[in-house]
Amino acid sequence: MKMKRCIVPSILLMLSLEAALLVAGRPSVDGEVGAILLPSQGQVMAAPKRPWKCCDRARCTRSIPPICTCMDEAFECASTCKACVPSTRNPSLQVCQDQFVGDPGPICRPWECCDSAACTKTDPPTCRCGDEVEQCAPTCKTCEPSTSDPSLNVCKDAYTGAIPPTCTPPEALAAGGN
C-alpha cells in the first residue's frame, strides 16, 4: 500500500520538473534562454472600455467573466459603439450590439426600481419616480425631502428609457402588501 501512495506525488513531481525545463528552454522576447519576462518588461494590454457608459437592460452570459450586450434603446448610440443598428421593436430607435467581456457597468436610471412611476406615452417613455425612500440612490442627482413626510426623500430626476422595474415583488402586490 505504501508504494501506491508514493506514485501520485512522484508523477506530479516529474511533470512539474518537465514543465519547468520546457519553460526554461524557451527563448524569451530578448532571445535569452531561461530569462523570465516581467509584466513591466512586456507590453501591458489595457482592458478595453465598455462601449456604453451605463446600461439598464444588459444581456449577459453566465460565464466567468460574463460577455454582455446592452439592449438599451436610444435615439442614437454612443460614439464609442461600433455596431449600432435599428431596434427591432422600434426602427426609429438604435441599439448598440457591441459586446463587452466583464461587468456590464452601472444602470442609467436615477433609481434601481420604482413602485410609483409616472411615465409619458412616448416611445421611449420619460419617467419620474414618486417613491418615498429613506435615502435616494447614488445615481439620483436631485434628491429632495418628501412633501408628505419630511423624514423621507424623493428623487426628482426624470429618465428617458424603458419603464423601470417595480421594487415590490408582484406576489406581494397581489397579496395587498407594499
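Thr168 is buried, with a relative accessible area of 8%. Buried here means under 20% relative accessible area, exposed means over 50%, and partly exposed lies in between (1.4 Å probe, protein chains only). The structure is a predicted model, in which local features need pLDDT of at least 70, side-chain atom pairs count only at pLDDT 80 or more, and totals for chains, interfaces and linings use all residues. Residues are numbered from 1 along each chain as its sequence is written, and side-chain values use heavy atoms, with hydrogens and water left out.

Thr168 sits in the loop between β10 (158–160) and α2 (170–174). Helices (H or I, at least four residues) and strands (E, at least two) are DSSP runs, numbered from the N terminus. The Thr168 side chain makes a polar contact with the side chain of Asp115, at 2.6 Å. A polar contact is a pair of N or O atoms within 3.5 Å; within protein, one must be able to donate a hydrogen and the other to accept it, and residues adjacent in sequence count only if both atoms are side-chain atoms.

Disulfides were examined next. A disulfide is a covalent bond between the sulfur atoms of two cysteines. The criterion applied is a pair of cysteine sulfur atoms within 2.5 Å. A search of the whole structure returns 10 disulfides.

The link is right-handed, with 100° about the S-S bond. Cys114 lies in the loop between β5 (99–101) and β6 (117–119), and Cys129 lies in strand β7 (residues 126–129), so the pair ties together parts that are 15 residues apart in sequence. Cys114 is buried, at a relative accessible area of 2%. Cys129 also counts as buried, at 7% relative accessibility.

Cys77 is buried, with a relative accessible area of 17%. Cys84 counts as partly exposed, at 34% relative accessibility.

The link of Cys136 and Cys143 is right-handed, with 75° about the S-S bond. Cys136 counts as buried, at 12% relative accessibility. Cys143 counts as partly exposed, at 37%.
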